[in-house]
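Hi,

Here is the structure I promised to pass on.

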Amino acid sequence: MSLFKFLTSKTFLKQVLLALVAVFVLCFIMLKWLKSSTNHGEFETVPNLTGKSISVADIELKENNLVMQIQDSANFNPDYPKFSVIEQEPPAGAKVKENRKIYLTLNPSGYRKIQVPDLKERTFRQAKPMLEALGFRVGKITYENNIGKDLVLKMRYKRKAINKGDKLAKTSKIDLVLGNGKRP
């Protein structure tokens with residue numbers, strides 16, 4: 001039997017037709033199963049959690065059939081209460097599937113602690129940008145008799161002497177004692 005006769009025979013055409021029907025039925029069953037198992041077309045709306053506490057955020061997410069995933073935060077924001085949500089992903093109003101994880105970034109309890117740099121024997125012109133780059137603020141400036149004009153002699157925080165390596169909260173005001181250029 002030649003190949004052309006075989007391809008045009010009734011037996012071969014029946015088998016091809018049966019295969020096509022089987023593929024169509026399998027595809028139809030698979031699509032119906034996918035629609036039911038993935039909840040096709042059914043969405044949950046992500047609530048706005050910004051500024052809310054962890055417990056309130058957890059309750060709202062459970063009401064919307066969503067899962068809370070907390071991410072660590074190192075950036076303290078004084079505009080929000082401690083341990084409240086400052087960011088969320090996906091954003092509020094987004095449409096997501098049921099049981100989707102919503103990633104929350106929390107506001108820590110305060111600014112993180114940063115090591116005080118070594119400013120002794122540096123000029124005020126060098127010390128000020130160094131402090132500001134680390135997140136500190138320059139507080140009260142006082143002068144003592146010292147031949148080095150505007151040379152940092154001492155550092156203080158809340159009237160107590162501090163040294164390099166001490167840890168202070170970011171945005172702390174560091175008072176500087178500078179030389180006035182006069183001999184002691």
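Below is what I found in it, starting with the ground rules.

This is a predicted model, so to speak of local features I needed pLDDT of at least 70, and side-chain atom pairs count only at pLDDT 80 or more, while totals for chains, interfaces and linings use all residues. Numbering starts from 1 along each chain as its sequence is written, and side-chain values use heavy atoms, with hydrogens and water left out.

First, the sheet. Helices (H or I, at least four residues) and strands (E, at least two) are DSSP runs, numbered from the N terminus. Two strands pair if DSSP finds at least two bridges between them. Here, 3 strands make an open sheet with mixed pairing, in the order E2-E5-E3. Strands E2 (67–71) and E3 (85–89) are the edges, each pairing on one side only. Neighbouring strands are turned by 30 degrees against each other on average, direction ignored; axes are lines fitted to C-alpha atoms, for helices over the stretch in contact, and angles run from 0 to 180 degrees between N-to-C directions. E3 and E5 (residues 101–106) are antiparallel over 4 bridges, and Glu 89 has Tyr 103 in E5 as its bridge partner. Helix H3 (residues 54–63) lies across E2, E3 and E5, at about 150 degrees to E2.

Next, the cores. A nonpolar core is a set of buried Ala, Val, Leu, Ile, Met, Phe, Trp, Tyr and Cys residues joined through side-chain atoms within 4.5 Å; buried means under 20% relative accessible area, exposed over 50%, partly exposed in between (1.4 Å probe, protein chains only). The largest core has 13 residues, and Val 116, Leu 119 and Phe 136 are among those with the most contacts inside it. Helix H4 (124–134), strand E8 (152–157) and strand E11 (173–179) each supply at least two residues, with the largest share, 3 residues, from E11. A second, separate core has 11 residues, including Ala 57, Val 85, Ala 94 and Leu 106.

Last, the rings. Rings of Phe, Tyr and Trp (its six-membered ring) pair if their centres lie within 6.5 Å; planes under 30 degrees apart count as stacked, over 60 as edge-to-face and the rest as tilted. That rule gives 1 aromatic pair: Phe 6 and Phe 12, tilted, at 5.2 Å centre to centre with 50 degrees between the planes. Phe 6 counts as partly exposed at 39% relative accessibility, and Phe 12 is partly exposed at 26%.

Cheers

Technical notes:
Contact = heavy atoms within 4.5 Å.
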